[in-house]
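Thanks for coming, everyone. I have one structure to walk through today. Please take a moment with it on the screen.

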Amino acid sequence: MSSLQKKILVLIGPQGSGNHCWSKIFSSHADVYGWSELTKKYWVGHNEEPFHSSWMNPNLLYDMTWDCEYYFTNMSVPFGGDVKGNKAIPKVSKFIEVLEDLRFDVQVAVTSRDKNILDLQQTRRWNVPTVHEFLDILPEIKDPVFLSYESLLLYKEKYVRSLRVNIPIDYSSISNTIVNDANQKYICDFKPTKLRKR
């Protein structure tokens, strides 16, 4: 590695919390080595993310060629760990430890989404909610930046500009990335009930 300190943004969060949407945004800048294939397609499986192999075996990072200044990776917890989609938990702490040993400026961003929607989405994917599997590893993460999917949908580019991340962002990519509101399919009409007096 050169004397210039390289920077990497490591995105983590519960499965279904907007990881793919944020990955498109953070991978769109020409100076960032990220998930470029995802910026060209609606959806790509985690097993095709460039750093995928090193999530479970972080020592592979020592063998990589680091030609860029800025990097991005996205670890959903859990994620479909192989071509069959079997569930896997990435070794987040070890992954960060190796990057720091390689003298990277590592920043971690944590995705969030409405918990009721997460429960529905994860039950559809894994047959049970899996938020607890992410919450189990969250205490190991120092000083993350928290990203809100709902704030992204509502405030768009203005919200992304308020974030302090260590890689450049192509703000022009945001409007094309969030054309569809993925929360809409989980919202249905309800009948208001009278509030009870206490």
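This is a predicted model: local features need pLDDT of at least 70, side-chain atom pairs count only at pLDDT 80 or more; totals for chains, interfaces and linings use all residues.

Now look at β3. On one side, β2 runs parallel to β3, and 2 bridges join them. Val-32 stands opposite Tyr-70 of β3 there. With β1, β3 also pairs in the parallel sense, this time over 8 bridges. Lys-7 stands opposite Tyr-70 in that pairing.

How many of the residues of β3 are buried? The count is 8 of 8, so the strand is mostly covered, with buried meaning under 20% relative accessible area. Its side chains point two ways. Tyr-70, Phe-72, Asn-74 and Ser-76 go one way. Tyr-71, Thr-73, Met-75 and Val-77 go the other way. Both sets are buried.

Next, the cores. In soluble globular proteins, nonpolar side chains tend to be buried together. Here the largest nonpolar core has 25 residues. Which members touch the most others? They are Val-10, Ile-12 and Leu-99. Four elements each give at least two residues to this core: β1 (7–14), β3 (70–77), α3 (92–101) and β6 (105–112). The largest share comes from α3, with 5 residues.

Zoom in on Leu-99. Leaving out residues up to four places away in sequence, Leu-99 touches Ile-8, Val-10, Leu-61, Trp-66, Phe-104 and Val-106.

Where is Glu-49 placed? Look in the loop between β2 and α2, the helix at 52–56. Glu-49 is buried, yet has no salt bridge. The nearest side chain of opposite charge belongs to Lys-24, and that is 13 Å away. What does lie by its side chain is a backbone group: the nitrogen of Asn-74 is 3.1 Å from one of the polar atoms of the Glu-49 side chain. So we are back at β3, because Asn-74 is one of the residues of that strand. Not counting residues up to four places away in sequence, Glu-49 touches Trp-35, Trp-55, Phe-72, Thr-73 and Asn-74.

Last stop, Ser-173. Find it in the loop between α7 (157–162) and α8 (174–177). Is Ser-173 buried or exposed? Its relative accessibility is 10%, so Ser-173 counts as buried. The Ser-173 side chain reaches the backbone oxygen of Asp-170 at 2.8 Å. Further along the chain, Ser-173 touches Ile-25 and Ser-28, with residues up to four places away in sequence not counted. Now compare sequence and space. Ser-173 and Phe-26 are 147 residues apart in sequence. Their C-alpha atoms are 9.4 Å apart in space.

That is the tour. Thank you.

Methods: Residues are numbered from 1 along each chain as its sequence is written. Side-chain values use heavy atoms; hydrogens and water are left out. A nonpolar core is a set of buried Ala, Val, Leu, Ile, Met, Phe, Trp, Tyr and Cys residues joined through side-chain atoms within 4.5 Å. Buried means under 20% relative accessible area, exposed over 50%, partly exposed in between (1.4 Å probe, protein chains only). Contact means heavy atoms within 4.5 Å. Two strands pair if DSSP finds at least two bridges between them. A polar contact is a pair of N or O atoms within 3.5 Å; within protein, one must be able to donate a hydrogen and the other to accept it, and residues adjacent in sequence count only if both atoms are side-chain atoms. Lys and Arg count as positive and Asp and Glu as negative; His and the chain ends are not counted. A salt bridge is a side-chain nitrogen of Lys or Arg within 4 Å of a carboxyl oxygen of Asp or Glu.
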